[in-house]
Amino acid sequence: MKKITKILSLVLAFSFLASCSDDEDVVIETNTIVDVAVKNNLTSLVAAVTRADLGATLSSNGSFTVLAPTNQAFETFLQSKGFASVNDVPVDVLRNILLNHVITGNLRSTDLSTGYAKTNATSAASGTEMSIYVNTSNGVVFNGDSTVDIANVEADNGIVHVVNKVIDLPTIVTFATADPNFSILVQALTRENDFTYVNTLSTPNGISPAPFTVFAPTNDAFVDLLGELQVNGLGDISKATLSSTLNTHVVAGANVLESNLSDNLPVNTLGGQLTVNITSNGATLTDSQNRVSTIIATDVQADNGVIHAINKVVLE
């Protein structure tokens, strides 16, 4: 009986070693972000990742949060841009658009909060990482347009959230309209003016007068201004006054980052000169009437410029 047991053990051991020596029989199961896309039939995303040569990146070790557009999302996006398929999109453009859907770190839906994050896309205006606005007040929405349909699909190297729209490279206008803190600014920009702000601030980088630096007053800043002027609303401010005021918040032809700001720095806006000063509480802007506004949020980076939020409207 002992002899039979020994023989059986040897046979089993030999069989195990033989199977391990055959590389074709060894299958290593992976569940990378690319695998998740394949398993969830996100065929357009897989085709785009392949064309942009991002497969190795999204299968590598690391930690990524990927906002994965559905096939319908890609179809709608391509049609809006006049492309028949992802193969018609220039590779460098496609790559940056895809990287605009990648955030470094493992962010489940419960880790997301309303505010700005940075993607792996690169801004043409600055060469720095692009911003993305996350709004969690009603579900999860990115840049005011793309909603999470399926959250928290786990991968070996991160988390995938399936979204219903492709997130295009943002402009200054994208963030102004996506962030509810700028809703009164948007009302001002879209009011009939001599200067077509929405069209102008959507100008792609590399085409004059882009890029832009916008010092964007928050809603509270506008409410304070209305009180200061003793008027009930924007409609009570003349078109000429409103236009000159908005011009004083826009720098054309420069992407001025926080790191570019220094004490007593003159900044030439479309409406006049402001002076930057550096204080213990951060950077400030002083206008021609010696009114001082504090920069309360910096470096919201779009593809055609940058936004800095300010707490007081500056005047010409």
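The second largest pocket is lined by Lys 81, Ala 124, Asp 168, Leu 169, Pro 170, Thr 171, Ser 202, Pro 204, Asn 205, Asp 303 and Asn 304. A pocket here is an open set of points on a 1 Å grid over the protein atoms alone, where a 1.4 Å probe fits, with protein on both sides within 12 Å along at least five of seven lines; a lining residue has an atom within 4 Å of a point. The structure is a predicted model, in which local features need pLDDT of at least 70 and side-chain atom pairs count only at pLDDT 80 or more, while totals for chains, interfaces and linings use all residues. Residues are numbered from 1 along each chain as its sequence is written, and side-chain values use heavy atoms, with hydrogens and water left out.

The second largest pocket holds about 160 Å³ of space, the volume being the space filled by probe spheres set on grid points that are joined across faces, edges and corners. Its lining comprises four nonpolar, four polar and three charged residues (nonpolar: Ala, Val, Leu, Ile, Met, Phe, Trp, Tyr, Cys and Pro; charged: Asp, Glu, Lys and Arg; polar: the others, Gly among them). For the largest pocket, the volume is about 270 Å³. Sixteen residues line the largest pocket, and Phe 77, Asp 145, Val 166, Ile 167 and Asp 168 lie nearest its centre. Helix 5 (residues 71–81) makes the greatest contribution to this lining, with five residues; helices (H or I, at least four residues) and strands (E, at least two) are DSSP runs numbered from the N terminus. By class, the lining of the largest pocket consists of seven nonpolar, five polar and four charged residues.

Strand 7 (residues 158–163) is largely enclosed by the rest of the structure, because six of its six residues are buried (under 20% relative accessible area with a 1.4 Å probe, protein chains only; exposed is over 50%, and partly exposed is in between). In a regular strand the side chains alternate between the two faces of the sheet. In strand 7, Gly 158, Val 160 and Val 162 point one way, and Ile 159, His 161 and Val 163 point the other way. Strand 1 (residues 64–69) runs parallel to strand 7 and is joined to it by six bridges; two strands pair if DSSP finds at least two bridges between them. Val 66 has Val 160 of strand 7 as its bridge partner. Strand 6 (residues 146–155) pairs with strand 7 in the antiparallel sense over five bridges, with Ala 155 opposite Gly 158.

Two aromatic pairs are present (rings of Phe, Tyr and Trp, the last by its six-membered ring, with centres within 6.5 Å; planes under 30 degrees apart are stacked, over 60 edge-to-face and the rest tilted). The pair of Tyr 116 and Tyr 133 is tilted, because the ring centres are 4.9 Å apart and the planes lie at 55°. This pair links distant parts of the chain, with Tyr 116 in strand 3 (residues 115–122) and Tyr 133 in strand 4 (residues 129–135), 17 residues apart. Tyr 116 is partly exposed, at 33% relative accessible area, whereas Tyr 133 is buried, at 2%. Tyr 116 and Phe 175 form an edge-to-face pair, 5.8 Å centre to centre with 75° between the planes.
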